[in-house]
Amino acid sequence: MNIAELYQLTQWIDDNIRAKDIVGKYQAIHNVLQQNAQVGQQQQPLEPHKESLIKTVLDISLEELSIDQLAFLYSLGIADYLGSHAVSNIEDILYRNALDIPTAATEFNKIVDSINNGLTKSEQIKNGLSGLVDVEELPIDEALIRVGFTKEAAVNNVADWKKWSSIWYDIGRGIALAHDRAPEDVKVVGAKKGSIVIELAVAYAIAKTTGKIILFALQVAEKVLAIKKQVAEINHLELKNDQIAKQLEQEASNLVEEKKKSITTLIFEELGINDDADGEKRTALEKAIKKLIDFIERGGDVDCVLPTETEEGADSVDIKSIRDEFKEIRIIENKIKHLEHKEP
């Protein structure tokens, strides 16, 4: 995450956490619980406060943040208390401690403290960067594709780097050629330490096609993971007849191969690339699709950062559709993470 994105995150926090009074709504529940815990005090209704809090945390769209911004929001101690998983946490605290009101009050007090601490840090960052940051760093007609080499797609040595560099050359070249552009139009503009992250500046059309391929791939991965969970549950039951589990495993394998072919077909149709199209273009794009899907399946991350404003007619691709596409990608990624960590 660059400095401009960090500053934008502090503004997002002001617009979504402060302006919507998230702390106040959590505090209201804490206050009611604290009063109801006192012997002899008239019991105050909790439901209106709970409904107001749940509605507000659900209305906040975390998917509009980049992967790095969301990770930083978690590190600030704020993100855990927003979105659908926050609703589960709220209800869990209230129902789990229904007969132990003081404990429930303590839990909500911890949440209030965590968010307040995060808000204080965010304000310090914003004040420190104010007047020093050019928020609009991206060229008006380009998107920033951020590629993270993680999990099985990690780069641990120069051999790994050579392999993934070659793969990403094929990915960039294939998608660029599909839009009648040269591989040189996919520009490396930055890199980060730690888990290696490469930043690529690309035209909107290239970003859109990249997002579409990733979205299709993640939709398949979500279905396959759901099937594997079923297999794990069946094995957990220790059924004597394991035929069902074997059939499900075969179904998952068949689904992957079938969907990979359909992804290629869909992308070709969307770009108007038919059998009469240039052979090199078809071959390069097909290779790019296969390698990008493989990168995602191995745990690699691809994010997209877009300018906050665009000139009218700057590009034929609707930038809103790219932003919406990557929002959906993050939604599915979160579902997959939930499936991966949920025990059968």
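**Confidence first**

Color the chain by pLDDT, the predictor's confidence in each residue, from 0 to 100. The mean is 85, and 88% of the residues reach 70 or more. Now select residues 310-314. Here the pLDDT is below 50, and beyond near neighbours in sequence the stretch has 5 contacts in the model. A contact means heavy atoms within 4.5 Å. Where pLDDT is low, the predicted coordinates should not be read in detail.

This is a predicted model, in which local features need pLDDT of at least 70 and side-chain atom pairs count only at pLDDT 80 or more, while totals for chains, interfaces and linings use all residues. Residues are numbered from 1 along each chain as its sequence is written, and side-chain values use heavy atoms, with hydrogens and water left out.

**The whole chain**

Switch to cartoon. The protein has 11 helices and 4 strands. These are DSSP runs numbered from the N terminus: helices are H or I with at least four residues, strands are E with at least two. Of the 344 residues, 44% count as buried. Buried means under 20% relative accessible area, exposed over 50%, and partly exposed in between (1.4 Å probe, protein chains only). Among contacts between residues at least 6 apart in sequence, 75% join residues at least 24 apart.

**Helix 6**

Select residues 101-129. How far apart are the end C-alpha atoms of helix 6? They are 42 Å apart, which agrees with the span that 29 residues should have at 1.5 Å a residue. The expected span is 1.5 Å times one less than the number of residues.

Next, show the buried side of the list. Among the buried residues of helix 6 are Ala104, Phe108, Ile111, Ile115, Leu119 and Lys126. Their cover includes helix 1 (3-18), helix 2 (22-36), helix 3 (47-59) and helix 5 (84-96).

Pick Ser114, in helix 6. Ser114 counts as buried because its relative accessibility is 19%. Leaving aside neighbours within four places in sequence, Ser114 is in contact with Leu76, Gly77 and Tyr81.

Move to Glu107, also found in helix 6. Is Glu107 buried or partly exposed? Its relative accessible area is 23%, so Glu107 is partly exposed. Not counting residues up to four places away, Glu107 touches Ile93 and Arg96. Glu107 and Ile93 are 14 residues apart in sequence and 7.3 Å apart in space, C-alpha to C-alpha.

Helix 6 is followed by Gly131, whose phi is positive, near 85 degrees.

**The cavities**

A cavity is a set of points, on a 1 Å grid over the protein atoms alone, where a 1.4 Å probe fits but cannot get out; lining residues have an atom within 4 Å of a point. Grid points are joined across faces, edges and corners, and a volume is the space filled by probe spheres set on the points. The count comes to 2 cavities of 30 Å³ or more.

The largest cavity holds about 60 Å³ of space. Select its lining: Ile145, Trp168, Ile171, Gly172, Ile175, Val186, Leu200, Val202, Ile206 and Thr210. Helix 7 (158-178), strand 3 (197-203) and helix 8 (204-236) each give two or more of these residues. Helix 7 has the largest share, 4 residues. By class, the lining has 8 nonpolar, 2 polar and no charged residues. Ala, Val, Leu, Ile, Met, Phe, Trp, Tyr, Cys and Pro count as nonpolar, Asp, Glu, Lys and Arg as charged, and the others, Gly among them, as polar.

Finish at the second largest cavity, about 30 Å³. Its lining includes Lys259, Lys260 and Glu297. Helix 9 gives the largest share, 4 residues.

Technical notes:
1 Å grid on protein atoms, 1.4 Å probe; cavity = no way out; pocket = protein on both sides within 12 Å on 5 of 7 lines; lining within 4 Å.
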